[in-house]
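Subject: Structure handover and notes

Hello,

Please find the structure below, with my notes after it. Could you read them alongside the model?

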Amino acid sequence: MSFSRSVLIWCTIALMAALTTVSFAITGLSVDASHNLSFFAFLAILFALNAFYRFARPNRHLRTATETTAQLLLVLLFGILLTYAATAADLPYRDASLLAADRALGFDYQAYLTFFDAQPELRSLIGAAYLMLLPQFLAIPLVLLVARREARLQIWLLAVAVALILTSAIYLFVPSVTAFVYIEFGGPAHIPAHYYTPVPTIEALRAGVMHTVRLNHLEGLVTFPSFHTAGALLFVWALWPLRRLRWLAVALNAALISATPNIGGHYAVDVIAGAAVMLLSVATAKWLCSWVEEPKVAAMAMLYSPK
């Protein structure tokens, strides 16, 4: 079997699975999948369809569609689980340093919140855009497959996997309670009982009182770097060659990123770090893919070169 981009993605997923297994063993965490069996049933259907379109009725386009969908689901699953293990490491919070970095950049978090509070329509607009992260993860593969951009889809998927690994690795050493909790409430102890935030989950993981991660109740825990920012920029990169969708992707994801300090409670440096993660992830994905693409090109050149 030739080493292809698809095999490279599967190897990356295997690495993420191994990292999840080891990190969960170290932190004493386990996974409860009993409340989300539909996820694994859907994966089984995808694998069955992939086998059908690979062997029974060969169809490269549908085979790629089913395979990349399964790969994306596994990448997102292991990527989220890795953030739980990183949180459970219980290293000191870095909110003071992140806030100091924001102030050094001249970013006033309170003024940013006040501006959007005075513009309720604009706040609602960017709030809706902020919730478009997951729908875009579902839409990007469909769009790129319809546009016959399988290679770009696979590079994008590999970049998403790299971004998730980097995000967890960085967050391991730079945990925080989010800018909103740190600045507005003064820390986890002062969060109002009625106010939703993932901080109780973060605190439970860090204290070692939460041992089971339920797959039907996964939360976004990472502040630094902002994966919303990395994901948004990866969406723009994925759709950039499609002129009819390029500027729609830019507008939607610019609104999404602008909402990260407000709706997501992120520091400004979280956004900057998220952008850096995106750039490094795309560069890494392209570099890895070059190892499986360039040998093929060289082989073809040798095969058809004049004797």
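This is a predicted model: local features need pLDDT of at least 70, side-chain atom pairs count only at pLDDT 80 or more; totals for chains, interfaces and linings use all residues.

Residues are numbered from 1 along each chain as its sequence is written, and side-chain values use heavy atoms, with hydrogens and water left out.

Salt bridges

Side chains of opposite charge can pair when their charged atoms come close. The structure has four salt bridges, a salt bridge being a side-chain nitrogen of Lys or Arg within 4 Å of a carboxyl oxygen of Asp or Glu. Three of them are described here, with helices (H or I, at least four residues) taken as DSSP runs and numbered from the N terminus.

One of the four joins Arg 54 to Glu 67, with 3.8 Å between the closest N and O atoms. This pair links distant parts of the chain, since Arg 54 is in helix α2 and Glu 67 is in helix α3 (residues 60-88), 13 residues apart. Arg 54 has a relative accessible area of 30% and is partly exposed, whereas Glu 67, at 12%, is buried. In these terms, buried means under 20% relative accessible area, exposed means over 50%, and partly exposed is in between (1.4 Å probe, protein chains only).

Another salt bridge is formed by the side chains of Arg 60 and Glu 150, at 3.9 Å from N to O. Arg 60 belongs to helix α3 and Glu 150 to helix α8 (residues 150-173), so this pair ties together parts that are 90 residues apart in sequence. Here Arg 60 is partly exposed, with a relative accessible area of 49%, and Glu 150 counts as buried at 10% relative accessibility.

Asp 90 and Arg 206 also meet through their side chains in a salt bridge, at 3.2 Å from N to O. The two are 116 residues apart and link distant parts of the chain: Asp 90 is in the loop between α3 and α4 (95-104), and Arg 206 is in helix α10 (residues 199-207). Asp 90 counts as partly exposed at 38% relative accessibility, while Arg 206 is buried, with a relative accessible area of 13%.

Aromatic rings

Phe 107 and Tyr 112 form a tilted pair, because their ring centres are 5.4 Å apart and their planes are at 50°. Trp 287 and Trp 291 pair edge-to-face, with 5.8 Å from centre to centre and 80° between the planes. For such pairs, the rings of Phe, Tyr and Trp (its six-membered ring) must have their centres within 6.5 Å; planes under 30 degrees apart count as stacked, over 60 as edge-to-face and the rest as tilted.

Trp 287 and Trp 291 are four residues apart in helix α13 (residues 268-304), so about one helical turn separates them. Trp 291 counts as exposed, at 57% relative accessibility. Elsewhere, Phe 107, Tyr 112, Phe 115 and Phe 116 make up one aromatic cluster.

Surface patch

Phe 42, Ile 45 and Leu 49 form a nonpolar patch on the surface, with about 260 Å² of accessible area together. Areas come from the Shrake-Rupley method with a 1.4 Å probe, and for residues only the protein chains shown count as cover. Patches are made of residues with over 30% relative accessible area and no salt bridge; like charges are joined within 9 Å, and nonpolar side chains (Val, Leu, Ile, Met, Phe, Trp, Tyr) within 5 Å. Phe 42 lies in helix α2 (residues 37-56) and counts as partly exposed, at 40% relative accessibility.

Cysteines

The structure holds zero disulfides, a disulfide being a pair of cysteine sulfur atoms within 2.5 Å. Cys 11 counts as partly exposed at 39% relative accessibility, whereas Cys 289 counts as buried at 1%.

A spaced pair

Asp 95 is in helix α4 and counts as buried, at 2% relative accessibility. Asp 95 and Phe 227 are 132 residues apart in sequence and 17 Å apart in space, C-alpha to C-alpha.

Regards
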